[in-house]
Amino acid sequence: MTLVSETLNPSRDDFAEMLEASLIDRQDFEDTVVRGKITAIEKDVAVIDVGLKTEGRVPLKEFSQPGRPADLSVGDTVEVFVERVENANGEAVISREKARREEAWDRLEKTFEKGERVDGEIFNRVKGGFTVDLGGAVAFLPGSQVDIRPVRDAGPLMNIPQPFRILKMDKRRGNIVVSRRAILEEDRAEQRQEVVKELNEGDEREGVVKNITEYGAFVELAPGVDGLLHVTDMSWSRVNHPSEVLGVNDTVRVKIIKINPETHRISLGIKQLTPDPWEGVAAKYPVGAKFNGKVTNITDYGAFVELEDGIEGLVHVSEMSWVKKNVHPGKIVSTSQEVEVMVLEVDEQKRRISLGLKQCADNPWERFAEEHPIGSMIEGEIKNITEFGLFVGLNEEMDGMVHLSDLDWNRSGEDAIKDYQKGQTIQAKVLDVDPEKERISLGVKQVGNDPMDAIGDISRGADVTCTVTAIESGGIEVQIGGSDGPKAFIRKSDLSKDRSEQRPERFAIGDKIDARVTSIDSKTRRINVSIKAREVAEEKEAVEQYGSADSGASLGDILGAALKGQKKDD
């Protein structure tokens, strides 16, 4: 009786054990994926037995695949995710979708770690891209990762099993980002590698122009294998833009110039299919020879002239005109103009030819030298006044320069230049012509006579008659001889032998005085004269002729006797 009683009336310990077993069962089943059998298929749900005391119900739509309905039968075994062992209605809460997602995430995480590809199907378009079913997990496919080139119509790619590359996974947020483009690039790289192995530098191939840029064109040599045809390798002649030579979808023959073994980049060329026109160019275009060419390009520093296909030379701005200086080359020549040029220099190694345009015309500087020899007179208009002289306009836009030192014989250039104005017509004498340096030196003061010429035979120690032209505190300025004579300055100490008479104010402008020349410097054009020197010389001469201080005669007696003797002679 006791045993029956204990069985029919379990103790509290028995209930505790049963509850604990029940909790353990819940922990083992909940939040896990289990296998269950379909016991019935009702209107829109499948009834599934997962081995618990109760069954669970799963909507049929959770068993469907994108684009395909569910295909289930009673007795089929399926995997489901157990959310709760029993709800308020006494049924198990299970989900086929969550089971597929859990299984998919586990599988995808392993694939992502290994860097392997995954299969999926694009089934919907969303903002910025598409959604992809990866066998239970939904991933995002950005629009930029669909194909190598932009895709206008993604319809043919929808609902088709195809490989993808997982770029990013975040299980906590449930985010997966995949790329179809990465797969295409990998396949293309593998295919490119195989094709590149068959190519060699120097090979000639035919290709199709697929794209044109500012710097060149991409030519497809084989499906997925492009090479770059740089603009500088399209022609030996100057090419301003690739579109001048090629168009998209053009079939061209090219030569493989270089293959990068690491990046497998291929450099192509068209001009390399023909001989290099620069070979032997020095013999073909000797220095000093003249040729006709066409202006192809104009820059600030000159113009490029094409002598033949692939051979261009530069006419520097300094070699464009004999007389036009500081002028933009575009004002002298124009693009496509036919011109005659002279070869000035050839550097075959650097592929450079220096040309001259002005050398094919008469040199106006040489012609000026022939027509206006040194010493001839010219007349011109003052074009410019600078701190170092005047620029006088001559024929053919040529200028001659009058230096400050050639403006006036007597005054400084800084003072003399103040007498001239821009636009004034003046006469000048040609002093020098240098055709090589393109310089003409003129003189204004040389138009008149050189006051130094009026000195004639006057030498140091000669007595001269001077006219006072200016009185200063330090002395007086005088003009020797007539109005065309040179000027000199008599210092205060040289105005008289007597100190009391060394006063400039005792003279007046226009006074005639006698003085002795003490020095002549033709280089500096300076003549020094002295009244004192003349007086000292006269006194010495009188003493020597009529007596001396030792004879007891005074200077007054000697001078008196000298004057009497002079009157008798007269």
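Which strands do the buried residues of H6 pack against?

Analyst: In this predicted model, the buried residues of H6 pack against E21, E23, E24 and E25. Helix H6 covers residues 364–371, and strand E23 covers 399–403.

The helix itself may be taken up next. Pro364, Trp365 and Phe368 are the buried residues concerned in H6. Viewed down the helix axis, the buried residues of H6 lie within an arc of 100°, so they line one face of the helix. At the start of H6, the backbone nitrogen of Trp365 has a side-chain oxygen of Asn363 within 2.9 Å.

The largest nonpolar core has 23 residues, and Phe368 is among the members that touch the most other members, together with Leu390, Leu407, Ile440 and Leu442. At least two residues of this core come from each of H6, strand E21 (377–386), strand E22 (389–393), strand E24 (425–434) and strand E25 (439–443). E24 gives the most, namely four residues. In soluble globular proteins, nonpolar side chains tend to be buried together.

Leu407, another of those core members, can be followed through its contacts. Leaving aside residues up to four places away in sequence, Leu407 touches Leu390, Val402, Gly413, Ala416, Ile417, Tyr420, Val444 and Lys445. Of these, Leu390 is itself listed among the core members that touch the most others.

Gln446 lies in the loop between E25 and strand E26 (463–472). Is this residue buried or exposed? Its relative accessibility is 15%, and Gln446 therefore counts as buried, the cut-off for burial being under 20%. With residues up to four places away in sequence again left out, Gln446 touches Asp406, Trp409, Lys429 and Leu431.

The whole protein provides the setting for this part. Its secondary structure comprises nine helices and 30 strands. Of its 570 residues, 36% are buried. When contacts between residues at least 6 apart in sequence are considered, 57% of them join residues at least 24 apart.

Notes. Residues are numbered from 1 along each chain as its sequence is written. This is a predicted model: local features need pLDDT of at least 70, side-chain atom pairs count only at pLDDT 80 or more; totals for chains, interfaces and linings use all residues. Side-chain values use heavy atoms; hydrogens and water are left out. A nonpolar core is a set of buried Ala, Val, Leu, Ile, Met, Phe, Trp, Tyr and Cys residues joined through side-chain atoms within 4.5 Å. Buried means under 20% relative accessible area, exposed over 50%, partly exposed in between (1.4 Å probe, protein chains only). Contact means heavy atoms within 4.5 Å. The arc is that of the directions from the helix axis to the C-beta atoms. A polar contact is a pair of N or O atoms within 3.5 Å; within protein, one must be able to donate a hydrogen and the other to accept it, and residues adjacent in sequence count only if both atoms are side-chain atoms.
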